Amino acid sequence: MTTIEKLNRSKMPVVKIDKSLEKLRGKNLFPEKLAKANKVIARVGLPKF
Amino acid sequence: MKLPRYDYLTEGNAELFKFNSHGIKGEIKKLVVYTKMLEEDIYNLAFGDYDEETDSINDQVITNNNDSQKVLATVASTLYVFTEKHPLVWVYATGSNHARTRLYRMGITTNLEEITIDFVVYGLIEDVWYEFEKEKNYEAFLIKRKLH
């Protein structure tokens, strides 16, 4: 199998980096959703894994 | 994932992903965001329409670009990249409303066999986590990469 065929069959896509996205890293872009999610996890915890 | 998906861009930590949805409404920029939660090793997954001018995201808007399956497949695909970079974390996901959460459930159901090769998936019902099963309505989902 060629490298290209291997890449096309891979579940891991070939992803390019966009450095402009780094300005958004660490920002809370969904404050309400995140607060709600934190409340759920604080109350329910994680599954027994 | 075998389903058609859009190509996307990410940044060095693989916590933000940007792609363009192409459909009947034209080109719409989308952003997928993994945000660290208060509890250690849990990230919240969210996505929505991205306004580059204001750096804001709207996850309430109904885009109706007639490509929801392709958008969901793209979001699901980012899980592989994110968990490659963060293999030990849990990912928490829920829709912005019941209809969206149901859409997520349908997306997981459609691809369950493939997803469960690489991930464990739990669904939340009345404050209890259950291993994901088809035909059940969940309020939220937790996903973790299997360590092969």
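Me: How many residues of chain B are in contact with chain A, and how many of chain A are involved?

Reply: Contact here means heavy atoms within 4.5 Å. By that cut-off, 48 residues of chain B touch 29 residues of chain A. Before we go on: this is a predicted model, where local features need pLDDT of at least 70 and side-chain atom pairs count only at pLDDT 80 or more, while totals for chains, interfaces and linings use all residues. Residues are numbered from 1 along each chain as its sequence is written, chains are lettered from A and ligands numbered from 1 in the order in which they are written, and side-chain values use heavy atoms, with hydrogens and water left out.

Me: What area do chain B and chain A bury between them?

Reply: The size of an interface is often given as the accessible area lost when the parts come together. The version used here takes a 1.4 Å probe and sums the loss over both parts. For chain B and chain A that comes to about 3,500 Å², with 69% of it on carbon and sulfur atoms.

Me: How many salt bridges are there between chain B and chain A?

Reply: Side chains of opposite charge can pair when their charged atoms come close. The cut-off is a side-chain nitrogen of Lys or Arg within 4 Å of a carboxyl oxygen of Asp or Glu. Between chain B and chain A the count is four, and over all chains the structure holds eleven. One of the pairs is A:D18 with B:K18, at 3.0 Å from N to O. That pair crosses from the loop between strand 1 and helix 2 (31-44) of chain A to strand 2 (residues 16-23) of chain B. Strands and helices, by the way, are DSSP runs numbered from the N terminus (E, at least two residues; H or I, at least four). A:R25 and B:E11 also meet in a salt bridge, at 2.7 Å.

Me: Are A:D18 and B:K18 buried or exposed?

Reply: Take relative accessible area with a 1.4 Å probe, protein chains only: under 20% is buried, over 50% exposed, and in between is partly exposed. A:D18 is buried at 13%, and B:K18 is buried too, at 12%.

Me: Which parts of chain B does the salt bridge between B:E84 and B:R145 tie together?

Reply: The closest N and O atoms of B:E84 and B:R145 are 3.4 Å apart. B:E84 lies in helix 1 and B:R145 in strand 9 (residues 141-145), so the pair ties together parts 61 residues apart in sequence. B:E84 is partly exposed at 47%, whereas B:R145 is buried at 14%.

Me: Which backbone nitrogen does the side chain of B:T74 reach?

Reply: Think of a polar contact as a pair of N or O atoms within 3.5 Å; within protein, one must be able to donate a hydrogen and the other to accept it, and residues adjacent in sequence count only if both atoms are side-chain atoms. The side chain of B:T74 reaches the backbone nitrogen of B:Y6 at 2.9 Å. B:T74 sits in helix 1 of chain B and is buried, with a relative accessible area of 0%.

Me: And where is B:Y34 found?

Reply: B:Y34 is in strand 3 (residues 26-36) of chain B, buried at 2%. A polar atom of the B:Y34 side chain lies 3.3 Å from the backbone nitrogen of B:L79. B:Y34 and B:L45 are eleven residues apart in sequence but 4.7 Å apart in space, C-alpha to C-alpha.

How values were computed:
Buried area is the accessible area (1.4 Å probe) that two parts lose on being put together, summed over both.
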